[in-house]
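Hi,

Here is the structure I promised to pass on. Have a look at it first, and my notes on what turned up are just below.

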Amino acid sequence: MKKVLNISLANRSFTLEEDAYKRLSDYLEHFRTRLAASSSIPYTQNAEVMEDLESRIAELFAQEVGSDGRVVSIGLVDRVTRQLGMPDGKPESPASEPYSPTADSAPAKKKIYRDYDNKRIAGVCSGLAVYLDVDIVLIRVLMLVALVAGSAGFWIYIICWIAIPKAVTATQKCEMHGLPVTAENLARFAQTQKK
């Protein structure tokens, strides 16, 4: 008989076996120290990366155990932590196998967001350029031609500005670029994240 614990992870409740809880706690603490040591980003952004990481872990747990109240085992915790990796891309310990982004996860799908890191006005053109995987200058020139040709360009830009969400968190930036939401990618985009 195994002891189980009820925890809250990213505002979701999960039941974990005691050894799975210990492994998850160790991983999060180890991740936190490696993130602080490997990057020069401010503490507040480290906290945001940790929130994103916990949210992603909760999402992966929910996909596996669903809403029927099954218990999260140590095997699931190992699989999720191996999938997410560490912020510097190195394995958790010398004994663990290196992380391969394609080993445990399906290819990430791109989502459209406004790219506020490369914005001129609202990030619409830069977001479209990232989504379509074309040069940002081409999109800006096309938008300018549409604006000069008539009022349709103006209204297209305004509608996109309203309809397309802004990429704020590191998770959204990973989704915008079509990258898997791993610890290494979260840490990379947290460095460019603005308050």
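A quick word on terms before the notes: helices here are DSSP runs of H or I with at least four residues, numbered from the N terminus. Also keep in mind that this is a predicted model.

With that naming, let's start at α5. Just after this helix, Asp133 takes a positive phi of about 60°.

Asp115 is buried but has no salt bridge. Which side chain of opposite charge is nearest to Asp115, and how far away is it? That would be Lys173, at 6.5 Å, whereas a salt bridge needs the nitrogen and the carboxyl oxygen within 4 Å. What Asp115 does have is a side-chain polar contact of 2.9 Å with Asn118. Leaving aside residues up to four places away in sequence, Asp115 also touches Gly123, Ser126, Gly127, Val130 and Met176.

Lys173 has a partner elsewhere: its side chain meets that of Asp117 in a salt bridge, 3.2 Å from N to O. This pair links distant parts of the chain, with Lys173 in helix α8 and Asp117 in the loop between α4 and α5, 56 residues apart. Buried or exposed, where does Lys173 fall? Lys173 counts as buried, at 2% relative accessibility, while Asp117 is partly exposed at 27%.

Arg23 is partly exposed at 36% relative accessibility, and Asp78 is partly exposed at 24%.

Another one is Glu59 with Arg56, whose closest N and O atoms are 2.6 Å apart. Glu59 and Arg56 are three residues apart in helix α2, so about one helical turn separates them. Glu59 is partly exposed at 33%; Arg56 is buried at 16%.

Last, the rings. There are three aromatic pairs by count. Phe14 and Phe61 have ring centres 5.6 Å apart and planes at 80°, so they are edge-to-face. Phe14 lies in strand β2 (residues 12-17) and Phe61 in helix α2 (residues 43-65), 47 residues apart, so to speak a link between distant parts of the chain. Both Phe14 and Phe61 are buried.

Tyr157 and Trp161 also form an edge-to-face pair, at 6.1 Å centre to centre and 75° between the planes. They are four residues apart in helix α7 (residues 151-163), about one helical turn. Tyr157 is buried at 12% relative accessible area, and Trp161 is partly exposed at 36%.

Cheers

Notes
Residues are numbered from 1 along each chain as its sequence is written. This is a predicted model: local features need pLDDT of at least 70, side-chain atom pairs count only at pLDDT 80 or more; totals for chains, interfaces and linings use all residues. Side-chain values use heavy atoms; hydrogens and water are left out. Buried means under 20% relative accessible area, exposed over 50%, partly exposed in between (1.4 Å probe, protein chains only). Lys and Arg count as positive and Asp and Glu as negative; His and the chain ends are not counted. A polar contact is a pair of N or O atoms within 3.5 Å; within protein, one must be able to donate a hydrogen and the other to accept it, and residues adjacent in sequence count only if both atoms are side-chain atoms. Contact means heavy atoms within 4.5 Å. Rings of Phe, Tyr and Trp (its six-membered ring) pair if their centres lie within 6.5 Å; planes under 30 degrees apart count as stacked, over 60 as edge-to-face and the rest as tilted. Helices (H or I, at least four residues) and strands (E, at least two) are DSSP runs, numbered from the N terminus.
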